[in-house]
Amino acid sequence: MKIIVTGGAGFIGANFIYYMTEKHPDYRLICLDCLTYAGNLETLTAVLENKNFRFYKTDITDRAAVYKIFEEEQPDIVVNFAAESHVDRSIEDPGVFLNANIMGTAVMMDACRKYGVKRYHQVSTDEVYGDLPLDRPDLFFTEDTPLHASSPYSASKASADLLVLAYHRTFGLPVTISRCSNNYGPYQFPEKLIPLMIANARQNKPLPVYGEGINVRDWLYVRDHCIAIDLIIHKGTVGEIYNVGGHNEMKNIDIVKTICKAMGKPESLITHVADRKGHDRRYAIDPTKINRELGWSPETRFADGIQMTIKWYLDNTDWLERILTGEYKNYYQKVYDGHKIK
Ligand code: NAD
Ligand code: TYD
């Protein structure tokens, strides 16, 4: 089995590559990533020399380069993680999100059509559904909830989802889509809530909480998301959407307090800052479908996952420091040997 994984030098893509390498050591994994600020090749160090792994520094919007790789690799499956992923950046500069997230998806699917790929899987997000009110804990996102995106990021992901479904209907492309809740775990770029708070708490820096910190997210340990995608690409039904989430809703302020407590830091580090524009109030996934049809449910409880995540960041301060200093951007040049990496 040959799988192209786009965005594999980012947080979830890298965790997926490590999960799949362990679970299916005989699979060939081909990573396409253009290494934006969020891509860090150092994250993939442990697989770079693996004979069943290949890294291509490629932008998924570069049609000619993508087709060339498909020609050479003849993949069976494509899993598209590559995307601009940070809501706050999408508010500053929507254009790059439209290009990477929508046009990139179109190019990858055109390549799948051209080269007869057996499955195209789109890694989407629960943010495409918009948000839920804080005072209605009985409401959840199901796969039938209408798309109602709030930010340029989520609108670009919703647009890509529509395009994926259109390619299935119009061209018969064998697609699946997963819409997952907020992930946390190793290798997450320290601009997202959990790694940012761990990184700042470690240095006794202020912990910036947007507004009152009462917004709710449904947190899932990244490995559980990888398990879900592995199940969907092997056993999921073509043309279907699967929501992925673990019924682990928490207010931002409670997440930050949990991190303070676990790291032995005072809550006085918490600093309330201006709220995000258009800030989604609550995300909550109903994972009934993936549970019933594919037997998926989360394996890691938040209480354990957050301890493992904090420990990972504290054990990998070199990785973190190289990001904080910007040095990680030089890694690609340093390891480039013309063989493993194109
Ligand atoms: P990330 O920002 O950590 O990584 C994104 C990766 O994609 C980076 O390595 C980057 O270099 C690469 N990339 C970006 N644009 C590219 C392009 N044009 N061509 C090639 N590579 C490109 O993101 P993440 O948190 O790992 O998210 C991965 C996917 O999962 C995204 O599609 C995101 O929408 C989705 N998702 C994320 C979460 C979450 O909580 N992080 C939850 C649900 C869904
Ligand atoms: P984030 O990790 O950016 O994920 P998303 O916006 O995609 O859910 O943010 C998670 C929540 O934490 C969100 O409600 C915004 C909030 N937040 C803060 O309060 N402070 C911060 O510094 C960041 C990055 C996020």
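This is a predicted model: local features need pLDDT of at least 70, side-chain atom pairs count only at pLDDT 80 or more; totals for chains, interfaces and linings use all residues.
Residues are numbered from 1 along each chain as its sequence is written, chains are lettered from A and ligands numbered from 1 in the order in which they are written, and side-chain values use heavy atoms, with hydrogens and water left out.

The backbone joins in around the ligand too. A polar backbone atom of F11 lies 3.0 Å from an oxygen atom of ligand 1, and one of F81 lies 2.9 Å from an oxygen atom of ligand 1. In total, 28 residues surround the ligand, and the closest are I12, D33, S85, Y153 and K157; a residue is near a molecule if one of its heavy atoms lies within 4 Å of it. Which elements each supply at least two residues of this shell? They are α1 (11–23), β5 and α6, with β5 giving the most, 3 residues. Helices (H or I, at least four residues) and strands (E, at least two) are DSSP runs, numbered from the N terminus.

The largest nonpolar core holds 73 residues, and I3, F16, L44, F53, F55, V79 and I194 have the most contacts inside it. Such a core is a set of buried Ala, Val, Leu, Ile, Met, Phe, Trp, Tyr and Cys residues joined through side-chain atoms within 4.5 Å, where buried means under 20% relative accessible area, exposed over 50% and partly exposed in between (1.4 Å probe, protein chains only). A second, separate core has 33 residues, including Y67, Y115, V164 and I177. Neighbours within four places in sequence aside, V79 is in contact with I3, I4, V5, T6, F16, H121, V123, I229 and I233, contact being heavy atoms within 4.5 Å.

Then come the charges. The whole structure has 18 salt bridges, each a side-chain nitrogen of Lys or Arg within 4 Å of a carboxyl oxygen of Asp or Glu. One of them joins R276 to D88, with the closest N and O atoms 2.6 Å apart. This pair links distant parts of the chain, 188 residues apart: R276 is in the loop between β13 (270–273) and α10 (288–294), and D88 is in helix α4 (residues 87–92). R276 counts as buried at 18% relative accessibility, as does D88 at 17%.

Another salt bridge pairs E249 with R282 (2.8 Å, N to O). Here strand β12 (residues 249–251) provides E249, while R282 comes from the loop between β13 and α10, 33 residues apart. Elsewhere, R63, D110 and R113 are joined into one network by salt bridges that share partners.

Key: A polar contact is a pair of N or O atoms within 3.5 Å; within protein, one must be able to donate a hydrogen and the other to accept it, and residues adjacent in sequence count only if both atoms are side-chain atoms.
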